Amino acid sequence: MAEKKVIDARGTFCPGPLMELIANMKLINIGDELEVLSTDKGSAADIPEWINKVGHQMVSTSEENGVWHVVVRKAK
Amino acid sequence: MSSSDISIMVVTGTRERLQMAAMVASVGAVSGSKVTVFLSMNALAYFIKGHTATAPAEGEFGKTMEGKNVPPFKDLFRNAVELGDAKIYPCSMAMDVLHTKPEDLEPYLSEPLGLTKFLSDTAGSQVWTF
C-alpha cells in the first residue's frame with residue numbers, strides 16, 4: 001500500500017527543499033508520495049519543474065498562510 | 001561531452017560565488033546533467049578538512065545571506081555528488097601550491113586533475129566560471 005511522508009523544509013531557502021525532496025525520494029517506493037512543506041516560493045515553482053523533468057508525478061501544489069504544500073508521487 | 005553537460009570552474013573564495021556555483025552544481029546534477037566541477041585558486045582551501053566553511057561576503061547580498069537559513073555551499077556540492085551525477089576535482093596545481101595531499105581533502109572530492117585534462121574532458125559542454 002502506498003505511503004505518504006511529510007518533509008518539513010520550512011525556513012530553508014532554495015535549493016534546500018528540493019535537495020531534501022530528492023534525498024527522500026531515493027528512500028521511498030514507487031507509488032509512495034512525499035509532501036514538502038516550504039516557505040520558499042521559488043522552491044514551490046522549482047520542485048514541479050524538477051518532477052516533470054525527471055519523470056515523477058505532481059499530485060498537487062497549494063499555499064496556506066505562507067506555507068506551500070507540494071505533493072509528489074514517485075513514478076519510477 | 002554534450003551541451004547538456006555542465007562544467008564549472010570555481011576559483012573565487014567569496015560567499016556569493018561559492019554559493020551560486022554550488023547551486024548550479026547540485027541542481028544541474030540532480031536534473032540529469034553530467035556535472036564536472038574544477039576547484040582552484042581561492043576556492044580550493046574551503047575543501048581541506050578542518051578549514052573554515054564560512055567564506056567572506058563579496059557584497060550586501062552575501063552579508064544578508066549569512067543570517068538566513070541558506071543551505072551551506074559545501075553541503076550542496078556534496079549533494080551534487082551523492083544525489084546526482086557530479087564529480088568534483090581539485091586542481092593539481094592549486095594542491096601543489098597549498099602543499100595539500102588528496103587525503104587532506106573532503107572525501108566526496110575526486111582525485112586531483114590538471115587543467116589540460118579538465119579542458120579536454122569537458123570540451124563541448126556548457127562551461128560556467130565562478
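This is a predicted model: local features need pLDDT of at least 70, side-chain atom pairs count only at pLDDT 80 or more; totals for chains, interfaces and linings use all residues.
Local features are given only where pLDDT is at least 70, side-chain atom pairs only at pLDDT 80 or more, and totals for chains, interfaces and linings over all residues; side-chain values use heavy atoms, with hydrogens and water left out. Residues are numbered from 1 along each chain as its sequence is written, while chains are lettered from A and ligands numbered from 1 in the order in which they are written.

**View 1. Helix 1 and helix 4 of chain B pack against each other.** Helices are DSSP runs of H or I with at least four residues, strands are runs of E with at least two, and both are numbered from the N terminus. Helix 1 covers residues 15-30 of chain B and helix 4 covers residues 73-83. Their axes are 8 Å apart, at an angle of about 20°; axes are lines fitted to C-alpha atoms, for helices over the stretch in contact, and angles run from 0 to 180 degrees between N-to-C directions. The two helices of chain B are therefore roughly parallel (angles under 35 degrees; over 145 is roughly antiparallel, 65 to 115 roughly perpendicular, the rest oblique). Their crossing is left-handed, that is, the near helix is turned anticlockwise from the far one by less than a right angle. Residues of helix 1 in the contact (heavy atoms within 4.5 Å) include Leu18(B), Ala22(B) and Val30(B), and those of helix 4 include Phe73(B), Phe77(B) and Ala80(B). By class, the contact of helix 1 with helix 4 in chain B has twelve nonpolar, two polar and no charged residues. Ala, Val, Leu, Ile, Met, Phe, Trp, Tyr, Cys and Pro count as nonpolar, Asp, Glu, Lys and Arg as charged, and the others, Gly among them, as polar.

**View 2. Helix 1 of chain A meets helix 4 of chain B.** Met19(A), Ile22(A) and Ala23(A) meet Leu76(B), Asn79(B) and Leu83(B).

**View 3. The contact between chain A and chain B takes 14 residues from chain A and 13 from chain B.** The two chains bury about 1100 Å² between them, 73% of it on carbon and sulfur atoms; buried area is the accessible area (1.4 Å probe) that two parts lose on being put together, summed over both. Phe13(A), Pro15(A) and Met19(A) supply 44% of the area that chain A buries against chain B, more than any other three residues. Pro15(A) lies in the loop between strand 1 (4-8) and helix 1 of chain A. The peptide bond from Cys14(A) to Pro15(A) is cis, with omega near 0°. Between the chains the count is zero salt bridges (a side-chain nitrogen of Lys or Arg within 4 Å of a carboxyl oxygen of Asp or Glu).

**View 4. Glu106(B) forms a salt bridge with Lys74(B).** The closest N and O atoms are 2.7 Å apart. Glu106(B) sits in the loop between helix 5 (92-98) and helix 6 (115-121) of chain B, and Lys74(B) in helix 4, 32 residues apart.

**View 5. Asn65(A) has a positive phi, near 55°.** Asn65(A) lies in the loop between strand 3 (57-64) and strand 4 (67-73) of chain A.
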